[in-house]
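Me: I would like to go through this structure with you. Could we begin with its surface?

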Amino acid sequence: MAEPSNKPEPTKKTIPPHVKAIAGSLGGIVEASCLQPIDVIKTRLQLDRTATYKGIVHCGVTVARTEGVRALWKGLSPFATHLTLKYALRMGSNAVLQSAFKDPETGHISNRGRLLSGFGAGVVKIRLQQQKGLSPKHLKYKGPIHCAHMIIREEGILGLWAGAAPTVMRNGPNQAVMFTAKNAFDSILWKKREGDGRVLQAWQSMISGFLAGTAGPVCTGPFDVVKTRLMAQSRSGNGLKYRGMFHAISTIYAEEGLLALWKGLLPRLMRIPPGQAIMWGVADQVIGFYERRYLHNAPL
């Protein structure tokens, strides 16, 4: 009789990419609904040329009093659509890429694999955004999951990291850091492992999401500053001030100091971490429902 093998059996129970994409979409809708008033207030303050509003709180109160509370949610449809598509794209493509880095025997993925998957998700986002002026039937990429598959099939796994434009270097690392940090905070704070059948409370997911949303902008701040500087510069008599990404970083550091590479960080931190907290608070519940119902057959 053959002795039982100590080799771990392949893990077949995984959460499909489309489930994570749906979870991200629903999280995006809730995030938009919660944060739309902040976006309305920001826009009103930016357009206020006569100092009508004395600050954020005064602006919100004035809009609600003079136009009704519902006015604080003006423009919700396009904002919600944007976030819904963004998170479907981000989480769906990240899930596809993670499958390429999972251990075929245990189904586990290393932190390095998570970083590379997150980076690739940022690149997929850019590839999809570059498709302009084409009817849907003529688009090369039909969606985030299809895009990730096509890039891997046509260009190999390294095709997901082609190019070194500042936009790629901001979006790629930003997603890499946020996905990896979210998993790390879940593990450190709540002893939660992906695929273990446990579902975090919404408030626990929100704390992990908030912290992960803080890590992304902090780590990628220099790339965001450089992207803005390169896009805004124009040719003068002496040519372009910044000749490329690395030249821009070294020039800004030499002329303005290290902290200049994180200019504009505070506004990003006022928007991104709360949004990530809301999104993950919803997405984890959706993913957890699927995991309990279809992977572990646990009572709901």
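Me: Which residues form the nonpolar patch on the surface?
Reply: In this predicted model, the patch on the surface consists of Ile188, Leu189, Trp203, Ile207, Phe210 and Leu211. Together they have about 550 Å² of accessible area.

Me: Which helices each supply at least two residues of it?
Reply: Those are α6, residues 166-190, and α7, residues 202-232. The largest share comes from α7, with 4 residues.

Me: Take isoleucine 207. Where is its place, and how does it count in terms of accessibility?
Reply: Isoleucine 207 lies in helix α7. Its relative accessibility is 35%, so it counts as partly exposed, a class that lies between under 20% for buried and over 50% for exposed.

Me: And serine 205, buried or exposed?
Reply: Serine 205 is also placed in helix α7, but it counts as buried because its relative accessibility is 0%.

Me: What is serine 205 in contact with, leaving aside neighbours within four places in sequence?
Reply: Its contacts are Lys182, Leu200, Trp280, Gly281 and Asp284.

Me: Where is alanine 51 found?
Reply: Alanine 51 sits in the loop between α1, residues 17-47, and α2. With a relative accessible area of 47%, it is partly exposed.

Me: What about phi of lysine 191?
Reply: Lysine 191 has a positive phi, near 55 degrees, and is likewise a residue other than glycine. Its place is in the loop between α6 and α7. The relative accessible area of lysine 191 is 59%, so it is exposed.

Me: On to confidence. What is the mean pLDDT of the protein?
Reply: The mean is 79, and 78% of the residues reach 70 or more.

Me: Which elements have the lowest and highest mean pLDDT?
Reply: Helix α4, residues 111-129, has the lowest at 71, whereas helix α2, residues 56-67, has the highest at 90.

Me: How should predicted coordinates be read where pLDDT is low?
Reply: They should not be read in detail.

Notes: Residues numbered from 1 in each chain as written. Predicted model: local features only at pLDDT ≥ 70, side-chain atom pairs only at ≥ 80, totals over all residues. Heavy atoms only, no water. Patch = residues over 30% accessible without salt bridge, like charges linked within 9 Å, V, L, I, M, F, W, Y side chains within 5 Å. Areas by Shrake-Rupley, 256 points an atom, 1.4 Å probe, with all protein chains shown as cover. Salt bridge = Lys/Arg side-chain N within 4 Å of Asp/Glu carboxyl O. Buried < 20%, exposed > 50% of the residue type's maximum accessible area, 1.4 Å probe, protein only. Contact = heavy atoms within 4.5 Å. pLDDT = per-residue confidence, 0-100.
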